[in-house]
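Student: I have a chain open here and want to go through parts of it. Can we take it piece by piece?
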Amino acid sequence: MIPTNEGSPSLSTVQVLIIDTRSDAFDEFIAYLEREYEIRTTTVYDTNRISEYDDVDCVIGSPFLTEHSDNKSLETQIADTAVPTILFYEDETTASQMLTAGADRCIRYNGRQIEAQAAHVAATLRQELRHQRTRRALRNEIEFIHHSFDAHNDILFAIDLDGNLIFWNKKLNEITGYPDAEIYEMSPADFITMDCAEPLSAAISRAISNDCVKKQVTLITKDDNKIPYEFVGTLLEDDSDNVIGIWVTGRDITDRERRERMLEDQSERLSVLKRLNEIIRDTHQTLVRASTREEIEQAVCANLVSENAYRFAWIGEQRAVDEDVEPREWAGLEDNGLDDRSDPDERSKERVTAETIIETSRMRVARSTADSSTVVSWQETALEPEYQSTIAIPLVYRETTHGVLCLHSSWSNSFDETERTVLKELGETIGYAFSAAECRRALVSDAVIELEFILRDRSIFTLDLTARTECRVTLDGIVERSDGMLAEFVTVTGVDPETVLDIAEEREEMDIALISEHNGESVFRLISESSSTVSLADQGGIIREGVAEDGEGHLVFELPQGADVHALVDAIQNLYSETELVAQRTRERTSTRGAEFRATFDDTLTDRQRQTLKTAYFSGYFEWPRESTGDEIAASFDISGPTFHEHLRAGQRKLLRAFIEHGPETRR
């Protein structure tokens, strides 16, 4: 709102500069003006000195100026004066020149009517001062508006009905990087990307019809940076309500879009986790039914890409020849898979590949395909541009890594902590399923591979024992306990049991118990996390023979035909130093009836019944005379004697039923 000045301003505070040429007649007029209207005056007699007085409210020139001064010089002085200028004249030509030069009023001088002339000057002075104050208020308000617009955080500009820019604030300059001189030559369409130009033009047309319109566009700067903006346009109208243009406000919505994307991602991730839990449940059920590694791999990959949980899944294993990871099974890729794709020519030392995942048995995540420090081999070749995140999960059971599972997602921030935990457990389950499948194949396959090793690692208790006592240790068997650890039953000859127990006390991780002693032979049960057979039994085969003597171990390991011999040899040699593979043989089983009977019988036993039968057998319970009592074996399980005998009788009954009837009994 421009302030108005009601009434006439008082002249008592007005300071007037009088320009005269020493005329007594005009002196009388000035005196009358001061006396009757209380106007304060200062008189100068040199027009060149007008600019020296910058604190006056008005300049009044006498009618005699043009007689004694240069009109051109006077015109220049008047043009430079910022306050109202009133000139008396006698010659109309002079008056016209002064008005052209910038004088505000020219009054014809009549020396005989001083009172009337003074009243006229006073009225004119009041009017000019009122106009001056109005102009000053208007100028101040315009400056305030411009300052407010320039200080605004949003872009503000106005366009006419032809789409030409007629006003903008400094924010437009700051954001786009264009100076005013260039913006003068531009249109609104020059500040947005080409794909937004046509929608913006349509929005402007709607604004003229609908009074207001909102549109999201991509603003492009002089440096080619792209910023999401939301523009709101409203109509500009004149006093007669005629539309003369559009007023536009533009706001940076980068943060808002980021928040919206985060909410969308969170919602999508919750949906993915829900689907993932369902997929994991289905996968677990499939793993129980699958009998071969190939079936497990197919089921896992197919389940993980179902319901669009992941775009691509593949399982790989390390080749024995060049140690590269070769994909065995995959699902989700839209073309023919990985067969026609080649590995990158060079592997950067700074990059984490599928090979290192297998070597380190550590899960790794790449949250973006642009993340060059954590990627997986085949990522460059297996991923399409829409695949944004990758996770590599080692398939580990106990100390053995059976391969790697790689999943690729369409979201750049996939695989949060919760999802990683679920997938890590899935990797362990798959590793266990692989190990179980290899064990089953070892039992039923006609052709087997025998590997013979020599071990000299003194960290193995049995080797250290034979080196220090010159005894002989024979591996009798292995029983898996309910806590997942393995108990080794060994027979020691050539040393008294007390010496064995004393040496075992040096190993805090070792749990040893004397089971029986007869005719110079002692049977011990060994439980240790670092036990050699714990790791070797996980490789998918069967330990056929194990003997330790003179600090050296002799181990015969049996694998099913087609097993990964290279992986087994590497695993053993990595676990124990000074380990040598001395023989590799392939042979046919003489008969499979024993394996079939054993598999049939084993399927009917519960875990506790199986553990009880094996422990009783290796503890000499079935020998005569008995080398261990039922109570002693029950104590080793931390169960009561009657409970031990209940499990033992149930196992014996199933054994006889399987032998006599050759048919499985329902597990109970």
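Student: Which helix does Gln652 lie in?
Tutor: Gln652 lies in helix H21, residues 641-661. Helices here are DSSP runs of H or I with at least four residues, strands are E runs of at least two, and both are numbered from the N terminus. This is a predicted model, where local features need pLDDT of at least 70, side-chain atom pairs count only at pLDDT 80 or more, and totals for chains, interfaces and linings use all residues. Residues are numbered from 1 along each chain as its sequence is written, and side-chain values use heavy atoms, with hydrogens and water left out.

Student: What is the relative accessible area of Gln652?
Tutor: The value is 25%, so Gln652 counts as partly exposed. Buried means under 20% relative accessible area, exposed means over 50%, and partly exposed is in between, with a 1.4 Å probe and protein chains only.

Student: And which residues is Gln652 in contact with, leaving aside neighbours within four places in sequence?
Tutor: Leu613 and Phe622. Contact means heavy atoms within 4.5 Å. The C-alpha atoms of Gln652 and Leu613 are separated by 8.0 Å, and the two are 39 residues apart along the chain.

Student: Which residues of H19 are buried?
Tutor: Gln609, Arg610, Gln611, Thr612, Leu613, Thr615, Ala616 and Phe618. H19 covers residues 607-618. Gly620, with a positive phi near 80°, follows H19.

Student: Switching topic. Which residues touch the most other members in the largest nonpolar core?
Tutor: Leu451, Phe453, Phe461, Leu465, Val492, Val500 and Ile512, out of 31 residues in that core. A nonpolar core is a set of buried Ala, Val, Leu, Ile, Met, Phe, Trp, Tyr and Cys residues joined through side-chain atoms within 4.5 Å. Another core, of 29 residues, lies apart from it and includes Ala290, Leu304, Ala313 and Ile315.

Student: Which strand do five bridges join E11 to?
Tutor: E15, residues 400-409, and the two run antiparallel. Strands pair if DSSP finds at least two bridges between them. Gly316 stands opposite Val404 in E15. E11 also pairs with E12 (residues 325-331) in the antiparallel sense, over six bridges, and there Ile315 stands opposite Glu329.

Student: Last one: what share of the whole chain is buried?
Tutor: Of the 668 residues, 45% count as buried. The chain has 21 helices and 23 strands.

Technical notes:
The expected span of a helix is 1.5 Å times one less than its number of residues.
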